[in-house]
Amino acid sequence: MDSRSSDTVTGPPSADLLPDTATMAVKIVIVGGFGVGKTTMVGSVSEIRPLTTEETMTQAGADVDDTAGIERKTSTTVAMDFGRISINQELVLYVFGTPGQERFWFLWNGLFEGALGAVVLVDTRRLEVSFDVIGRLEDRGVPFVVAANTFPESPTYPTEELRTALDLPPEVPIVTCDARTRESSRDVLLALMHYLYNLSVPPGS
Ligand SMILES: Nc1nc2c(ncn2[C@@H]2O[C@H](COP(=O)(O)OP(=O)(O)O)[C@@H](O)[C@H]2O)c(=O)[nH]1
Ligand SMILES: [Mg+2]
């Protein structure tokens with residue numbers, strides 16, 4: 001029997017199905033400069049096959065996208081990445097990754113609608129590509145955490161040096177991660193959820 005054509009199949013529930021116990025869905029956006037690992041993070045953390053709009057880079061983009069330092073990168077996200085992760089039985093995160101290049105900023109209005117918070121992924125070799133992204137989040141009043149993605153040649157800086165370099169206020173969490181591993185990417189999302197929770201609880205209560 002072809003199970004895909006039958007609607008009476010019983011068996012283990014597909015990981016694609018949202019568990020019946022899920023009662024709360026939260027929208028999160030992952031942003032950052034070109035090549036910092038957004039698509040990788042959505043892919044590693046998602047329990048459903050991530051939707052991605054990856055395109056092979058063409059010579060036409062050669063002068064537009066700065067690939068210095070990431071020469072092996074041969075594809076780039078055109079619009080967005082999308083994935084889903086269940087944090088526990090009740091809480092489900094919908095994760096959207098979106099490009100940081102200025103020419104994609106028109107997408108931000110729609111993508112940030114209803115988003116509770118954001119992850120700013122940074123590559124410590126190229127911190128400057130994240131400056132604009134952070135500024136735009138601050139302008140919009142979107143709470144965010146910063147995650148430094150670990151590339152082999154990336155220098156590691158003490159957290160407070162990163163904070164100064166990115167001109168971040170003291171309360172913004174800064175974590176390090178390896179976007180290729182599910183656990184590490186999940187920890188980044190958990191750091192964001194803790195931060196959002198603390199923001200929602202008045203101090204002293
Ligand atoms: N070493 C290492 N490479 C990574 C990591 N995350 C992403 N990459 C690689 O860096 C490149 C850019 O990642 P990608 O997810 O496409 O970046 P995006 O433009 O932000 O979506 C890809 O070739 C990835 O395989 C990481 O944590 N460590
Ligand atoms: Mg991408």
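A: A polar contact is a pair of N or O atoms within 3.5 Å; within protein, one must be able to donate a hydrogen and the other to accept it, and residues adjacent in sequence count only if both atoms are side-chain atoms. The model is predicted, so local features need pLDDT of at least 70 and side-chain atom pairs pLDDT 80 or more, whereas totals for chains, interfaces and linings use all residues. Residues are numbered from 1 along each chain as written, chains are lettered from A and ligands numbered from 1 in written order, and side-chain values use heavy atoms, without hydrogens and water.

A polar side-chain atom of Thr40 lies 2.5 Å from an oxygen atom of ligand 1, and one of Asp178 is 3.0 Å from a ligand oxygen. Arg180 places a side-chain N or O atom 3.2 Å from a nitrogen atom of ligand 1. Taken alone, ligand 1 exposes 580 Å², of which the protein buries 81% (Shrake-Rupley method, 1.4 Å probe).

Around ligand 1 there are 16 residues (a heavy atom within 4 Å); Lys38, Thr39, Thr40, Asn149 and Thr150 come nearest. Helix α1, residues 38-45, gives the most to this shell, with three residues (helices are DSSP runs of H or I, at least four residues; strands of E, at least two).

The Lys27 side chain reaches the backbone oxygen of Leu111 at 3.0 Å and that of Glu113 at 2.8 Å.
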